[in-house]
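Good morning. Please look at the slide, and I will go through what is on it.

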There are 2 protein chains.
Amino acid sequence: MKKPKILILGAGYGGMMTATRLSKELSYNEAEITLVNKHNYHYQTTWLHEPAAGTLHHDRTRILIDDVLDTNKIKFIKDTVAKINKDDKTVTLANNGELSYDYLVIGLGSEPETFGIPGVKEHAFAIRSVNSVRQIREHIEYMFANYNNEEVKSEDYLTFIVAGAGFTGIEFVGELTERVPELCEEFDIDRSKVRIINVEASPTALPGFDSELVEYAVDLLESRGVEFKTNTPIKECTPDGVILADGTEIKSKTVIWTTGVRGNSLIEESGFEAMRGRVKVDPDLRAPGHDNVFIIGDCALIINEEINRPYPPTAQIAIQQAYTCTHNLKALITGSELKAFKPEIKGTVASLGGDEAVGVVGKKKLYGTSASAMKKVIDNRYLYLLGGIPLVLKKGKLKLF
Amino acid sequence: MKKPKILILGAGYGGMMTATRLSKELSYNEAEITLVNKHNYHYQTTWLHEPAAGTLHHDRTRILIDDVLDTNKIKFIKDTVAKINKDDKTVTLANNGELSYDYLVIGLGSEPETFGIPGVKEHAFAIRSVNSVRQIREHIEYMFANYNNEEVKSEDYLTFIVAGAGFTGIEFVGELTERVPELCEEFDIDRSKVRIINVEASPTALPGFDSELVEYAVDLLESRGVEFKTNTPIKECTPDGVILADGTEIKSKTVIWTTGVRGNSLIEESGFEAMRGRVKVDPDLRAPGHDNVFIIGDCALIINEEINRPYPPTAQIAIQQAYTCTHNLKALITGSELKAFKPEIKGTVASLGGDEAVGVVGKKKLYGTSASAMKKVIDNRYLYLLGGIPLVLKKGKLKLF
């Protein structure tokens with residue numbers, strides 16, 4: 001009997017964890033499993049604000065795929081997905097031709113959501129990958145290095161605009177406040193000349209978060225010199241900075257765009273019905289009308305029925321989906337029953353740089369060092385699920401306080 | 001009796017060493033000495049190719065002035081010289097008004113010589129100061145960081161053009177060959193994609209140097225991947241690279257200009273007769289017709305009578321001039337006899353990166369690790385003259401092999 005072919009696209013939280021689980025749940029004889037990913041490494045998207053600011057080396061946020069995955073059991077192909085031909089049950093790769101599958105797992109992640117604002121794609125940076133955050137780190141350093149070389153010194157080099165005060169925006173701003181004093185010393189620049197401006201269209205930072213925690217975060221970041229501009233939509237991004245809805249210009253050589261993500265546009269290009277790259281999947285995580293296609297992570301839309309709104313796409317949900325997806329793949333192969341995905345939101349913690357964070361775990365609000373320690377526990381827990389104790393020791397955040 | 005005022009402009013090799021010697025040779029009652037410098041630190045120009053490439057931190061090449069100078073005895077003013085009013089015996093500073101003097105020592109250093117080639121000032125970098133080399137280091141890193149973020153990857157990011165294969169050009173290229181493999185690893189780039197091109201108008205690299213040593217240097221650097229283009233004048237420097245005299249374009253985002261220096265243009269602006277910012281000083285180092293003005297270092301032109309050509313301006317000569325200048329200032333104050341400056345060329349060593357160098361010391365040619373060790377001895381010797389054993393221990397190059 002021919003072994004069924006399982007093809008996993010993307011080695012983000014969802015795809016990587018599905019591959020890891022499948023290698024444990026299925027024997028070599030039960031399926032032929034292939035994982036395709038653009039890079040030969042997996043990276044932790046939720047940590048990327050740190051290497052972007054330069055407070056953590058990017059190698060700490062990435063894991064070579066063959067370091068944690070049994071590549072005797074799962075075939076790994078380093079390539080970019082060009083197209084999903086769902087009617088033919090094949091996937092076209094950019095360089096290595098075509099792959100056929102019996103079961104497909106789409107975990108192709110997200111793209112920055114620009115809301116069609118002009119100039120964002122061309123002039124702003126996004127915290128989205130190891131490559132992009134290395135570039136942000138170096139760009140920031142370069143701006144500091146340029147400043148003292150100008151005959152007429154321009155403060156634009158030292159003005160950093162972060163668009164969006166959501167989770168990523170706030171976490172990045174927090175790291176930046178930790179990094180800026182180091183950069184000031186390295187490049188002989190007075191701290192008072194550096195501006196960090198966090199611009200948010202909503203009336204508040206961290207929209208949707210507990211208001212007491214928001215206040216704690218904003219007060220703390222303001223005390224470190226961050227300027228918040230809430231209720232302030234951005235109309236355009238230019239090579240010289242941003243233009244606000246009211247026409248005001250804020251000049252800056254550095255705009256970091258963190259106003260959220262949409263699903264991978266390959267989803268729409270491949271003919272799936274989607275909203276901003278996200279497919280409203282069936283309870284068992286399959287794409288409606290496609291019995292052999294699972295969609296997980298940032299490309300999957302799951303409705304929180306308590307409030308009738310989609311869950312925000314998070315690492316937490318993607319990891320939980322990987323477990324359900326693994327179970328359901330196994331069920332399809334062995335002919336047992338599929339189960340429905342049910343997210344269990346354990347909590348959310350936003351780091352604020354240094355030993356500071358805010359968050360909710362269960363029903364409990366956390367501040368300061370206890371929140372920061374919890375954040376590191378969450379980060380380490382994921383490493384444990386992925387690669388056990390050895391990976392925690394190698395890449396973990398072990399200094400909790 | 002009023003104490004004579006000695007004013008020293010510039011804390012480069014000449015000015016800094018003159019200040020140091022004067023503080024030892026003259027008592028507090030004999031003169032009122034002031035040193036003016038743009039920065040509150042002195043830096044070692046001859047080391048700057050290292051921080052420019054990123055192989056040594058720039059702080060290793062600079063010394064806080066009040067760390068080595070007795071600022072109770074010598075007044076230090078951090079300011080930029082705007083104008084020398086030699087007829088009024090005053091100097092105008094950019095920020096702190098005017099200073100009067102009885103004796104002036106001009107050690108204002110050099111500027112890059114562009115030979116009027118269009119675009120050099122706008123589009124090329126020069127290895128000339130702590131600020132400029134920090135910028136070069138960061139620029140190079142930024143180019144590596146950008147490469148993998150482009151949809152259509154451009155090799156221009158990874159092409160580095162060094163204009164000039166003289167001393168600085170060769171030393172910088174040597175460091176760059178050491179640095180590039182590290183950058184390739186840091187930014188996930190294949191070494192074979194990186195080009196280092198050294199363009200020189202003369203028929204040979206290191207023009208004027210012993211031909212056997214030149215061959216050694218070129219062979220070594222070629223073995224590390226450097227492409228030499230000798231007999232190749234550059235016609236223009238553009239935002240996209242350089243255009244050679246024959247019209248060929250070499251595309252690159254990074255051009256480092258090292259084709260030599262001229263004296264500070266303040267020299268001509270202040271009415272001294274000069275050739276390319278250098279004054280042909282009297283044997284006692286005074287400016288012709290100005291009994292109270294000494295000019296040393298890169299702004300002084302000294303003829304090597306054996307070959308009837310000027311000595312190239314080097315740290316070695318500047319330091320020796322500082323000793324003569326100090327003697328002659330003391331002679332003027334105490335009414336004793338001035339002496340003539342006579343350079344004593346002890347040798348020249350060019351580092352090639354790592355533990356490699358070539359040089360002549362006395363009549364002896366040196367290669368490889370012995371030349372490299374000698375180079376470090378020379379660097380340490382200067383630190384010893386400036387700040388004794390403590391400075392050697394603090395900033396010296398102690399790992400000779």
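At what angle do helix H1 and helix H9 of chain A pack, and how far apart are their axes? This is a predicted model, where local features need pLDDT of at least 70, side-chain atom pairs count only at pLDDT 80 or more, and totals for chains, interfaces and linings use all residues. Residues are numbered from 1 along each chain as its sequence is written, and chains are lettered from A and ligands numbered from 1 in the order in which they are written.

Back to the question. H1 (residues 13–25) and H9 (residues 315–334) of chain A pack at about 35 degrees, and their axes are 8 Å apart. Helices here are DSSP runs (H or I, at least four residues), numbered from the N terminus. Axes are lines fitted to C-alpha atoms over the stretch in contact, and angles run from 0 to 180 degrees between N-to-C directions. Contact means C-beta atoms, placed from the backbone, within 7 Å. On H1(A), the contact residues include A:Met17 and A:Leu22; on H9(A), A:Ile319 and A:Leu329 are among them. The contact of these helices divides into 10 nonpolar, four polar and three charged residues. Ala, Val, Leu, Ile, Met, Phe, Trp, Tyr, Cys and Pro count as nonpolar, Asp, Glu, Lys and Arg as charged, and the others, Gly among them, as polar.

Now the two chains. Chain A contributes 13 residues to the contact, and chain B 13 residues. On the chain A side, three are nonpolar, seven polar and three charged.

A rotation of 180 degrees, with 0.0 Å of shift along its axis, superposes chain A on chain B with an RMSD of 0.0 Å. The two copies are therefore related as by a two-fold rotation axis. Superposition is by least squares on C-alpha atoms of residues with pLDDT of at least 70 in both copies.

Terms used:
Two residues are in contact if their C-beta atoms, placed from the backbone, lie within 7 Å. Helices (H or I, at least four residues) and strands (E, at least two) are DSSP runs, numbered from the N terminus.
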